[in-house]
Amino acid sequence: MALTEVDAQWEALGLKADELQVYEALLTLPPHQSRSALGRTLGLTTRRVTAALDQLAGHGFTRPADGPGLPHPIPPATALRSLLHRHRAQLMRRSADLEELTGSVDRISARLLSTVQNPRTIGIETVRGGLAIAERVAALVVSAREEVALIDRPPYASSQPDGMPTPLDVAAPVRRGARVRVVVDREGLSFPGRARGLNELSEQGVQIRVGTDLPTKLITVDRRITLLPPTDAADPTASALVVSDSLLGNALVPLFDALWERAVPIGAVSDAEITEEDREVLTLLSSGLKDEAIARRLGVHVHTVRRRISRLMLTLEAETRFQAGVQALRRGWLTVETPTADRT
């Protein structure tokens with residue numbers, strides 16, 4: 001099954017349209033085909049097929065062919081686990097760097113102010129005091145033309161502004177046609193009224209996902225300027241850091257993207273609503289088995305398997321089986337490897 005549209009989640013994994021098309025073809029076509037024949041099947045030039053195969057090999061999605069012909073595809077579950085593990089390791093390194101940065105706002109700001117005459121020229125600005133921070137955040141949100149992206153986690157201030165927009169502020173850019181994405185920490189859902197408020201924002205068009213162990217609060221506007229709120233929002237002398245420097249921005253924006261990809265859409269199906277049969281079907285499917293082989297393993301008719309797969313793809317909001325495997329892995333629904341034999 002060819003993938004004709006690639007959304008941001010595949011971009012985040014480093015996979016482009018050509019690679020996904022070629023990989024899905026490798027999962028279904030006989031390996032003795034030539035690259036030119038594969039290109040004709042997919043409507044790609046031999047050069048694009050070769051480039052895609054090189055990328056797939058570099059990402060760990062294929063292993064070399066035994067002889068002439070196409071390389072062998074690594075089962076999706078195995079390849080994706082390995083790729084996600086590498087991305088997770090990169091994310092942990094970025095998170096550690098960002099945690100150190102947010103905990104040292106005042107120290108970094110003081111050093112910058114002492115070394116340059118005008119700190120704005122290097123794209124880093126310090127905003128001091130809860131009221132000033134709240135006003136700056138509101139101004140940033142109002143200025144958004146394309147996108148507002150937020151990371152939100154406890155602690156939350158009870159009386160002082162915590163450096164994050166109010167629900168009314170967050171919804172406003174949506175009404176102007178901008179995209180608003182929010183990743184909230186699962187721990188924060190336990191605070192009174194917060195889950196209800198998030199559901200109301202979702203109904204207004206705000207895209208919300210739930211993550212775990214988020215490293216910091218953060219707000220990014222139009223992917224060009226980022227505000228890091230103070231660690232202690234209740235401190236009236238606390239400082240926020242406003243970053244428009246490209247060096248830091250190139251780390252902060254990808255951090256949000258990585259957390260967004262790991263997070264689960266609010267209101268998504270929970271683990272409790274997934275049966276053991278569903279998990280088994282997803283595991284077998286992600287291990288590279290075809291419908292007939294899955295039916296034999298489960299002792300059911302192949303049409304039953306296909307109906308289950310279609311339902312799971314709808315639940316996971318996946319357009320292809322490959323996407324369904326990715327989403328299931330991210331949600332922790334696949335926990336065991338399955339033997340790769342009996343693929344027909």
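In this structure, strand E7 (residues 218-221) pairs with strand E8 (residues 225-228) in the antiparallel sense over three bridges; strands count as paired if DSSP finds at least two bridges between them. The model is predicted, so local features need pLDDT of at least 70 and side-chain atom pairs count only at pLDDT 80 or more, whereas totals for chains, interfaces and linings use all residues. Residues are numbered from 1 along each chain as its sequence is written, and side-chain values use heavy atoms, with hydrogens and water left out.

**Sheet**

- Helices (H or I, at least four residues) and strands (E, at least two) are DSSP runs numbered from the N terminus.
- An open sheet of mixed pairing is formed by eight strands, in the order E3-E9-E8-E7-E4-E5-E6-E10.
- The edges are strand E3 (124-128) and strand E10 (264-265); each has a single partner strand, so one side of each lacks a neighbour in the sheet.
- In general, strands of a sheet pair through backbone hydrogen bonds, either parallel or antiparallel.

**Salt bridges around Glu147**

- The whole structure contains 13 salt bridges, a salt bridge being a side-chain nitrogen of Lys or Arg within 4 Å of a carboxyl oxygen of Asp or Glu.
- One of them joins Arg179 to Glu147, with the closest N and O atoms 3.7 Å apart.
- This pair links distant parts of the chain, 32 residues apart: Arg179 belongs to strand E5 (residues 179-185) and Glu147 to strand E4 (residues 147-152).
- Glu147 is buried at 8% relative accessibility, and Arg179 is partly exposed at 35%; buried means under 20% relative accessible area, exposed over 50%, and partly exposed in between (1.4 Å probe, protein chains only).
- Glu147 also meets Arg223 in a salt bridge, at 3.4 Å from N to O.
- Here too the pair links distant parts of the chain, with Arg223 in the loop between E7 and E8 and Glu147 in strand E4, 76 residues apart.
- Arg223 is partly exposed, its relative accessible area being 42%.

**Salt bridge between helices, and the network**

- Glu292 and Arg306 form a salt bridge through their side chains, at 3.1 Å from N to O.
- Because Glu292 lies in helix H12 (residues 291-298) and Arg306 in helix H13 (residues 302-315), the pair ties together parts that are 14 residues apart in sequence.
- Both residues are partly exposed, Glu292 with a relative accessible area of 34% and Arg306 with 31%.
- Through shared partners, salt bridges join Glu147, Arg179, Arg181, Arg223 and Asp257 into one network.
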